[in-house]
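Here are a few notes to read with the model open beside you.

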Amino acid sequence: MQDVLLIGNSQTSHNFRLTHLNRAVSVENRAAMTISEARKEVEKETKKRGVMILHELTNDIGTNETEAVKSSNEFFDIIKLATTKAQKVIVSLGLPRNDDATKHQLTQMINWRLKTRLQENCNVIVCEHDNMLYYGQPNKNYLARDGYHLSTMGKVMFSQNLVQSIHRATGLPSPYNNPKRGNGRHPNGWQYKDYNYNEYNYA
């Protein structure tokens, strides 16, 4: 059984399910609303996990570039700590936001910054959510009315992105690539595009 620990904010803790996971994967989901709370969850780990997923940043992005960069640096430090606590670390980047144009742009900037910094980190998989954007802007179909939380469709897409990363991290076959369901198609029939994944695992 593949052991996965998911540490995340409200996007992963409130009525959120990882669907279509390989049955050989066991997921423990812990809520951490801020980066500081996430650090505490990572620090308390005494055994080495198979996979650890980190989904934070949204509540710490701040209102200007200085604050956003500060949060990015703090999150990066937690990622480095997580690599000592798990064989593979999945970093889930910030989700689109339609409630505040400035915070959306700051999130995209920090996503790029993290991807760049993580290129030389071993055993880290970056899970992007670019398939929830439309020409760089938030796709409203994936967001709730508040423009911040995810809609039902958004939760499905978010779950799909994380599940694909988990299967990559564990090496287990993904149901999204099951030939019986059609190559590259979600079990419900819509097309899955693989461009939103970058894996950095340099030996």
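1. A term to start with: buried means under 20% relative accessible area, exposed over 50%, and partly exposed in between (1.4 Å probe, protein chains only). Helices (H or I, at least four residues) and strands (E, at least two) are DSSP runs, numbered from the N terminus.

2. This is a predicted model, where local features need pLDDT of at least 70, side-chain atom pairs count only at pLDDT 80 or more, and totals for chains, interfaces and linings use all residues. Residues are numbered from 1 along each chain as its sequence is written, and side-chain values use heavy atoms, with hydrogens and water left out.

3. Have a look at H3. Its buried residues are Ala68, Ser71, Ser72, Phe75, Phe76, Ile78, Ile79 and Ala82.

4. What covers the buried residues of H3? Helix H2 (35–43), strand E3 (49–55), strand E4 (86–92) and helix H4 (101–117) are among the elements that do, with contact meaning heavy atoms within 4.5 Å.

5. Now for two loop residues. His20, in the loop between helix H1 (10–13) and strand E2 (25–31), has a positive phi near 65°. Leu57, in the loop between E3 and H3, has a positive phi near 80°. Most residues other than glycine have a negative phi. Buried or exposed? At 3% relative accessibility, Leu57 counts as buried, while His20 is partly exposed at 31%.
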